[in-house]
Amino acid sequence: QVQLVESGGGLVQPGGSLRLSCAASGVTMDSYKIGWFRQAPGKEREGVSCISSSGGTAYYADSVKGRFTISRDNAKNTVYLQMNSLKLEDTAVYYCAAVPPYHILTIQSMCLTARAVETWGQGTQVTVSS
């Protein structure tokens, strides 16, 4: 049973930075696609960034491209989301999600549809405010 635990959220001023972490337990995550999704109050869930199992391919939503960087350290069973130049509209609960290796789909599809996501973390709040 895969479990995902996010950390690193908090309150930051516009223009600031945060690094989110997603730690997996119960399984070695190096064969899983991992993604970060977010949901703000009253808005639909958005796929922010997703990364292939090897870490060689990443997808970013247009809203965060050039500001966010996803990475993974499979030796530590952890995926990171480095968020720079944060904006007010980045305020949301951020969730980590995992797709098992037996699901064949692109990471773009994973981020756009959340299809085949079988495990979600509990979420971490990111608030960008002056």
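Which side chains meet in a salt bridge of 3.1 Å, N to O? They are those of Asp62 and Lys65. The model is a predicted one, in which local features need pLDDT of at least 70, side-chain atom pairs count only at pLDDT 80 or more, and totals for chains, interfaces and linings use all residues. Residues are numbered from 1 along each chain as its sequence is written, and side-chain values use heavy atoms, with hydrogens and water left out.

**Salt bridges**

- A search of the whole structure finds four salt bridges, where a salt bridge is a side-chain nitrogen of Lys or Arg within 4 Å of a carboxyl oxygen of Asp or Glu.
- In the pair of Asp62 and Lys65, Asp62 is exposed, with a relative accessible area of 67%; here buried means under 20% relative accessible area, exposed over 50%, and partly exposed in between (1.4 Å probe, protein chains only).
- Arg38 and Asp90 form a salt bridge through their side chains, at 2.9 Å from N to O.
- This pair links distant parts of the chain, 52 residues apart, with Arg38 in strand β4 and Asp90 in the loop between β8 and β9; strands (E, at least two residues) and helices (H or I, at least four) are DSSP runs, numbered from the N terminus.
- Asp90 also meets Arg67 in a salt bridge, at 2.7 Å from N to O.
- Arg67 lies in the loop between β6 (58-60) and β7, and Asp90 in the loop between β8 and β9, so this pair ties together parts that are 23 residues apart in sequence.
- Asp90 is buried, with a relative accessible area of 0%, and Arg67 counts as buried at 11% relative accessibility; Arg38 is buried as well.
- A network of salt bridges links Arg38, Glu46, Arg67 and Asp90.

**Disulfides**

- A disulfide is a covalent bond between the sulfur atoms of two cysteines.
- The structure holds two disulfides, each identified as a pair of cysteine sulfur atoms within 2.5 Å.
- Cys22 and Cys96 form one of them, with their sulfur atoms 1.9 Å apart.
- Cys22 lies in strand β3 and Cys96 in strand β9, so the bond ties together parts that are 74 residues apart in sequence.
- The torsion about the S-S bond of Cys22 and Cys96 is about -75°, so this disulfide is left-handed, and both cysteines are buried.
- Another disulfide joins Cys50 to Cys111, at 2.2 Å from S to S.
- Here the linked parts of the chain are 61 residues apart: Cys50 is in strand β5 and Cys111 in helix α1 (residues 107-113).
- The link of Cys50 and Cys111 is right-handed, with 105° about the S-S bond.
- Cys50 is buried at a relative accessible area of 0%, and Cys111 is buried at 4%.
- When the bonded cysteines of the protein chain are numbered in sequence order, the pairing is 1-3, 2-4.

**Aromatic pair**

- A search of the whole structure finds one aromatic pair; rings of Phe, Tyr and Trp (its six-membered ring) pair if their centres lie within 6.5 Å, and planes under 30 degrees apart count as stacked, over 60 as edge-to-face and the rest as tilted.
- Phe37 and Trp120 form this pair, which is edge-to-face, with 5.1 Å centre to centre and 65° between the planes.
- Phe37 lies in strand β4 (residues 33-39) and Trp120 in strand β10 (residues 119-120), so the pair ties together parts that are 83 residues apart in sequence.
- Phe37 is buried, with a relative accessible area of 1%, whereas Trp120 counts as partly exposed at 32%.
- Arg45 lies over the face of Phe37, at 5.9 Å from the ring centre; a charge sits over a ring if NZ of Lys or CZ of Arg is within 6 Å of the ring centre and within 35 degrees of the ring normal.

**Nonpolar cores**

- The largest nonpolar core has 29 residues; such a core is a set of buried Ala, Val, Leu, Ile, Met, Phe, Trp, Tyr and Cys residues joined through side-chain atoms within 4.5 Å.
- The strands that each supply at least two residues of this core include β3 (18-25), β5 (46-51) and β9 (92-99).
- Apart from it lies another core, of 12 residues, including Phe37 and Val99.

**A loop residue**

- Asn77 is found in the loop between β7 and β8 and counts as buried at 14% relative accessibility.
- Leaving aside neighbours within four places in sequence, Asn77 is in contact (heavy atoms within 4.5 Å) with residues including Cys22, Val27 and Met29.
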